[in-house]
Amino acid sequence: MEVDREDGRSQNQLRPLACSRNILHRAHGSASWSQGDTKVLAAVYGPKAGTKKNENPEKACIEVIWKPKTGQIGKPEKEYEMILKRTLESICILTVNPNTTTSIIVQVVNDDGALLPSAINAACMALVDAGIPMKHLAVAICCCVAKSGYVILDPTKLEEQKMKAFAYLVFPNSVRSVLPEGSLRVEGEPIENGIITSVTHGIMSVDDYFYCLERGRAASVKLSDFLRRNLQQQSTDSSKAG
Amino acid sequence: MGGNLIEALGFKVSSSSSLPFFCFTGGVTPKSSLCRVADNKEKMRGLKLPLSQTQRVRLQRAFEKLQSLSAKANSDASVTVADTIPVNYEDAFLKGYGTTDLNGELVATVCGVVERVNKLVYVRALRARYKPEVGDVVVGRVVEVAQKRWRLEINFSQDAVLMLSSMNMPDGIQRRRTALDELNMRSIFEENDIVCAEVRNFQHDGSLQLQARSQKYGKLEKGQLLIIDPYLVRKSKQHFHHLEQFGIDLILGRNGYIWIGEHVEARDSVVIDQAKSIEQSTVVEGINRAYTPLEMRQNICRIANAIRVLTILEMEAERRSLTTKRKR
């Protein structure tokens, strides 16, 4: 079913992605992520000594602060903070630095749809920039279900408002080999399964949800390629320093 | 060879005769010196060097040669998160920092370069925070005078602790620290003093404990503190350098804090008589302060600037990089 989207994209097409790391010099890690017009800035400070009161001292603790573009901090911001915290805690290796707190501050620069997935991607890149060990990268995508039943990826704000329901899905990055022969082997295998986070709003049927999952997973492979290329480029730029 | 490349790029050196000219460190293979230049391609573009046509062509050829050299897959591959590390699984190997076992495969957890030392495989992260080791020389700033200890800020996730008992008493006698010594801690180090010390061990919560038992450690005066990225200071046999040409002491702290100061012969153990300590110290300070000559201060600033340029070009801060003199 062909769908006309306002900006001329196809159903499964993502907006142009841009990512840059190490933009804030005083933060231990920082990254800026933009998908089309949505732009988010994330900064990581830490690990710092000590954990919060109710947290397990045998593990590292992650603290997220969400700063909206305008307005005061209210319940939606607290919800985003909690989702981000749980997502990032599952991808970081928490036993490496016990009894420490890592703070992640997310600043919304512009909101044009798919805000939470952009924030998750930005926070993940900022953690990589800070050198915090992680099991894999988190790749986040937003899928919407329209009233007539078709599914589109990466909506803009206007599209999001018109939709019946939407879901934010976060998938783990696949494990790839560094040598070229190794990656050929991986391509023949099916796409990795596993999902880190799923946040849904609105009403959708179970079939629609599984369809979203499939589409999201396929798109996450493309996203994770982009992330990998980005990291590879920057690591070869600054490697061999010594 | 590296030096010629710098010349070819037309780095302008001022006509001051005693200005140290930075060159690539000796004993470096041509490939890695090219690496360093090529890595800074973007930064050099930003510097807007005036290149003639032949220089431009030479630079372009050097970059292309470098790309071909580094494109070959070798065992020192740079990895990103969730990349499998190429290891021969039949051999016994030890998993080091930055690696984890996932489904029987060795996977990298940080972005970096794979390093192999005998059987240890680990990932050296680029641009990472300072990772302290026992025996490292560090330079720190006192942030707090607490009970029987000083807390120093050393560019690490936690403040380091220097115990009063790990510090030589000014009169040089080894004795138990009494309550009076505790009360007079401020006469040894105060807040915002720069101190040089050595890492003694790690405490249970991960913070460092330092010691300053030798004459070469202690309070640093009459100089400048320079903060650079910790990965640019490599562990070497000598961290204390004395540049005789300028009469300057250079202390390369492994945490990225570098001290450049006027040379002090040996730390005089001034006997602090409790009654006269205050007036004596102000008199001594008054005499010394007048005597840092202008030329010495200029030299200190020049060395500091040379180090700053080296860090911008991401070259290591090393003694050899700074000591080749160039007269133009």
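**Cavities, strands and turns in a predicted model**

The structure holds 3 cavities of 30 Å³ or more. A cavity is a set of points, on a 1 Å grid over the protein atoms alone, where a 1.4 Å probe fits but cannot get out. Grid points are joined across faces, edges and corners, and a volume is the space filled by probe spheres set on the points.

This is a predicted model, in which local features need pLDDT of at least 70, side-chain atom pairs count only at pLDDT 80 or more, and totals for chains, interfaces and linings use all residues. Residues are numbered from 1 along each chain as its sequence is written, chains are lettered from A and ligands numbered from 1 in the order in which they are written, and side-chain values use heavy atoms, with hydrogens and water left out.

The largest cavity has a volume of about 80 Å³. Its lining residues (those with an atom within 4 Å of a point) include A:Pro47, A:Ile62, A:Cys92, A:Asn97 and A:Thr102. The lining divides into 9 nonpolar, 2 polar and no charged residues. Here Ala, Val, Leu, Ile, Met, Phe, Trp, Tyr, Cys and Pro count as nonpolar, Asp, Glu, Lys and Arg as charged, and the others, Gly among them, as polar.

How far can chain A be trusted? Its average pLDDT is 83, and 87% of its residues score at least 70. Over residues 180–191 of chain A, the pLDDT is below 50. The pLDDT is the predictor's confidence in each residue, from 0 to 100. Where it is low, the predicted coordinates should not be read in detail.

Now look at two loops of chain A. Most residues other than glycine have a negative phi. A:Asn22 has a positive one, near 55°. A:Asn22 sits between strands E1 (17–21) and E2. Strands (E, at least two residues) and helices (H or I, at least four) are DSSP runs, numbered from the N terminus. A:Ala114 also has a positive phi, of about 55°. A:Ala114 lies in the loop between strand E5 (100–110) and helix H2 (115–130).

Are these residues buried or exposed? A:Asn22 is partly exposed because its relative accessible area is 26%. A:Ala114 is buried, at 1%. Buried means under 20% relative accessible area, exposed over 50%, and partly exposed in between (1.4 Å probe, protein chains only).

Finish in chain B. Strands E8 (residues 137–146) and E9 pair in the antiparallel sense over 5 bridges. Two strands pair if DSSP finds at least two bridges between them. The E8–E9 hairpin has 2 residues between its strands, and B:Lys148 in the turn has a positive phi of about 60°.

Note on methods:
Contact = heavy atoms within 4.5 Å. 1 Å grid on protein atoms, 1.4 Å probe; cavity = no way out; pocket = protein on both sides within 12 Å on 5 of 7 lines; lining within 4 Å.
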